Amino acid sequence: MRIRGDKLKQLARDKGVGVDQLALAVERKGLSDERALSAVHNWMRGSDHPRCTPQDAEKLAVALESSVNDLVRFTNVARFQRGSPRKVALLTDLIRGKRVDEALNLLTFNTKRAAIGVRKALSAAIADAERAEADVTALVVADARVDSGPVIKRFQPKDRGRAHPIKKKMSHITVGVEERT
């Protein structure tokens with residue numbers, strides 16, 4: 001779960017709630033006065049530091065008199081998935097912007113091996129949204145991207161004492177869903 005900075009700014013502006021009031025709302029142990037103010041500033045910028053907990057999102061939603069689903073994007077990262085980022089990017093481009101049920105169908109019946117990792121990340125993001133009582137029928141894949149992970153380096157022995165390198169690439173798959181009306 002990540003706070004959407006643009007929506008947080010817009011709701012705060014529309015409701016006339018200041019950053020100080022939001023910082024007071026999210027104060028807790030480990031997030032005192034100045035740190036809470038810094039956290040709200042970071043969340044408005046789009047940075048997720050410190051990580052926003054579900055309780056923080058609920059407190060912000062209460063302070064802004066809106067629902068949690070208006071403020072957050074439910075994201076999941078499947079890290080260290082075997083497969084080239086270039087091949088996985090084809091699938092993330094395929095599902096970006098689609099409704100969740102349509103994206104799951106596309107990934108289920110896709111013949112590419114990387115579809116399994118993308119489907120796993122999408123299913124986990126949907127489960128996070130269900131846990132927050134979001135309307136699953138209104139969920140849309142808002143963010144789908146892939147980052148390169150570490151490379152496992154191996155060598156294939158060849159003739160005359162030579163060795164050819166083999167690079168086994170990994171990917172970090174990020175899928176984010178949000179509720180659209």
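Two strands are said to pair if DSSP finds at least two bridges between them, where strands (E, at least two residues) and helices (H or I, at least four residues) are DSSP runs numbered from the N terminus. This is a predicted model, in which local features need pLDDT of at least 70 and side-chain atom pairs count only at pLDDT 80 or more, whereas totals for chains, interfaces and linings use all residues. Residues are numbered from 1 along each chain as its sequence is written, and side-chain values use heavy atoms, with hydrogens and water left out.

Strands of a sheet pair through backbone hydrogen bonds, either parallel or antiparallel. Here four strands form an open sheet in the order E1-E2-E4-E3, with antiparallel pairing; its edges are strand E1 (2-3) and strand E3, each of which pairs on one side only. E3 and E4 run antiparallel and are joined by 16 bridges, and within this pairing Ile152 has Lys168 in E4 as its bridge partner.

Helix H6 lies across E3 and E4 and runs at about 170° to E3, an angle taken from 0 to 180 degrees between N-to-C directions, with axes that are lines fitted to C-alpha atoms, for helices over the stretch in contact. Pro85, Val88, Leu91, Thr92 and Ile95 of H6 are buried, buried meaning under 20% relative accessible area, exposed over 50% and partly exposed in between, for a 1.4 Å probe and protein chains only. The buried residues of H6 pack against H7, H8, E3 and E4, contact meaning heavy atoms within 4.5 Å. Just after H6, Gly97 takes a positive phi of about 90°.

Leu64 sits in the loop between helix H4 (54-63) and helix H5 (68-71), and it counts as buried because its relative accessibility is 0%. Leaving aside residues up to four places away in sequence, Leu64 touches Leu8, Leu11, Ala12, Lys15, Val17, Leu22 and Leu71. The C-alpha atoms of Leu64 and Asp14 are separated by 9.2 Å, although these residues are 50 residues apart along the chain.
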